[in-house]
Amino acid sequence: MTEIQDPGATPEAMSVNAVGVIGAGQMGSGIAHVAATTGLSAVMIDVGQEQLDRARASIAKNMERQVRRERMSEDDMNAALERISGSLEFEALADCDLVIEAVTENETVKRGLYDRILPAMRADAILASNTSSISITRLATATDRPHRFMGMHFMNPVPVMQLVELIPGLATDDHTRAVIEGLTWRLGKTPVTSEDFPAFIVNRILVPMINEAVYTLYEGIGSVRDIDAAMRLGANHPMGPLELADFVGLDTCLAVMQVVHDGMADTKYRPCPLLVKYVEAGWLGRKSGKGFYDYSGDTPEPTR
Ligand code: CAA
Ligand code: NAD
C-alpha cells in the first residue's frame, strides 16, 4: 500500500487561521470542532439561533468526552470552545481565509447560498464544499471564483474519522489545492484525491451499498436487525448499513443516490422506494429521532 506523505507545515497549510463554516448540522459542527482544536478560529453560520445553540452543545459534549478519555485537557477544551463563535449574518465571514459550506445536500440550496456568502467573503479567500456527491465543477459555476473553489469532503463523525476526500474541479488552481491539502494534514486528517465524478470515491462505493441494504429489507430478505448484524459480524463493519444510514441521515443517503443515478444515467443506481418513503415521511434517521430505528427509548428499536 502506498503511504500518502504529510508535506508538513507548508506556507500554504499555515495560511489558514480563520475558518467560516456554513451549516451547523452534524458535519458543520464537527468541522468547527476539529478546526478549533487545531488552534484555528471558527465561525459557524446557520439559518436560526436554535441550530447554532444545538451545534455548540453538541461540540461541547463531544469535547467533554475527549477530556474524560484524557485525549484533551480541560484548559485546551475551554480554549477551543472560545475559538468557536456562531452568527446568523454572513458579514461574520469577512475575516475568514477559508469558508467551508456544509449545508443540506441540495444543489439549489447550495447555489443560492453562494450568491449570498461570496459578497461577504474576502476576494482572496477560498470557498470549499463538504458536498457528499454534487459536481464541484458545476457548483463552481455558481461562484465568482471557480479557481478558488474545491471539494473538501469530511467523514462523519468528523472528530473521529481519519479521511478527508479532496475534489478539485476543472478550474481549481494549484494554490487552492495546496492550501486545502496542507490544511487537511494540519487538522490531523489524511487526504485522498478524487476526480470530480458523481459521489467521488467513498460515497460512490458506500451509498450504493447502503441502498442495496435497504433493498434487502424492502424485498424481505432480512430484518433490520439481521441485515445490520450480518454486515457487522460478517464483514467487520463498525456499524450495520441501516444503522449507518440512520447515522448519516436518510435524506443525505437519498440525495447521494439521486446524484449518482442521474449522473451515471444507469438504472443500477436507482434509489430504493423504501428509502424514498422514509425520507418522505420525515424519518431521516438519528437527527429526526426515527429512521430504520426509533431512537426515543434507551436502546434503538427497529421501526419495521
Ligand atoms: N462525535 C465525536 N466523537 C465521537 C462520536 C461523535 N458523534 N461518536 C463517537 N465518538 C468517539 C468517541 O469519543 C471515541 O473516542 P476515543 O477513541 O477517543 O475514546 C470513539 O469515537 C469511539 O467511540 P465509541 O467507543 O463510543 O463507539 P464506537 O466504537 O461504536 O465507535 C464510531 C463509534 C466511530 C462512530 C463507529 O461506530 C464507526 O466508525 N462507525 C462508522 C462510521 C462511518 O462509516 N462513517 C462514514 C460515514 S459516510 C460519510 O461520512 C460520508 C458521507 O458523505 C455520507
Ligand atoms: P444536517 O442536516 O445535519 O445539517 C445541515 C445544516 O445546514 C442544518 O443545520 C441547516 O439548518 C443548515 N442549512 C440549510 N440551508 C442553509 C442555508 N441556506 N444557510 C445556512 N445554513 C443552512 O446535514 P449534515 O449531515 O451536516 O450534511 C451537511 C453537508 O455535509 C451535506 O452536503 C452532506 O451531504 C455533507 N456530508 C454529510 C455527511 C453525513 O454523514 N451526514 C458526511 C459527509 C458529508
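This is a predicted model: local features need pLDDT of at least 70, side-chain atom pairs count only at pLDDT 80 or more; totals for chains, interfaces and linings use all residues.

Colleague: How do you know where the domains are?

Modeller: Domain bounds come from an automatic or database domain assignment. For this chain that assignment gives domain 1 (7-193) and domain 2 (202-302). Their centres, taken over C-alpha atoms, are 26 Å apart. Eleven residues from domain 1 and nine residues from domain 2 take part in the contact, where contact means heavy atoms within 4.5 Å.

Colleague: What makes you say that ligand 1 lies between the domains?

Modeller: Domain 1 and domain 2 both give residues to the shell around ligand 1, so ligand 1 lies between them. That shell has 18 residues, with Arg-69, Arg-71, Ser-132, His-153 and Asn-203 the closest; a residue is near a molecule or strand if one of its heavy atoms lies within 4 Å of it.

Colleague: Which polar contacts does ligand 1 make through Arg-71 and Ser-132?

Modeller: For a polar contact we want a pair of N or O atoms within 3.5 Å; within protein, one must be able to donate a hydrogen and the other to accept it, and residues adjacent in sequence count only if both atoms are side-chain atoms. A polar side-chain atom of Arg-71 is 2.6 Å from an oxygen atom of ligand 1, and a side-chain N or O atom of Ser-132 is 2.7 Å from an oxygen atom of ligand 1. Both pairs qualify.

Colleague: And what puts ligand 2 between the domains?

Modeller: Again, domain 1 and domain 2 both give residues to the shell, so ligand 2 lies between them. There are 24 residues around ligand 2, and Asp-46, Glu-105, Lys-110, Ser-132 and Val-248 come nearest. The side chain of Asp-46 has an N or O atom 2.6 Å from an oxygen atom of ligand 2, while a polar backbone atom of Val-248 is 2.8 Å from a nitrogen atom of ligand 2. Taken alone, ligand 2 exposes 830 Å², and the protein buries 87% of that; the areas come from the Shrake-Rupley method with a 1.4 Å probe, and for residues only the protein chains shown count as cover.

Colleague: Why is Lys-110 called buried?

Modeller: Buried means under 20% relative accessible area, exposed over 50%, partly exposed in between (1.4 Å probe, protein chains only). Lys-110 has 1% relative accessibility, so the label is buried. Lys-110 is in helix α5, and its side chain reaches the backbone oxygen of Val-103 at 2.9 Å.

Colleague: What makes Ser-29 buried?

Modeller: Its relative accessible area is 5%, so Ser-29 counts as buried too. Ser-29 lies in helix α2 (residues 26-37); helices (H or I, at least four residues) and strands (E, at least two) are DSSP runs, numbered from the N terminus. Leaving out residues up to four places away in sequence, Ser-29 touches Ala-24, Met-44, Ala-55, Ser-58 and Ile-59.

Technical notes:
Residues are numbered from 1 along each chain as its sequence is written. Chains are lettered from A and ligands numbered from 1 in the order in which they are written. Side-chain values use heavy atoms; hydrogens and water are left out.
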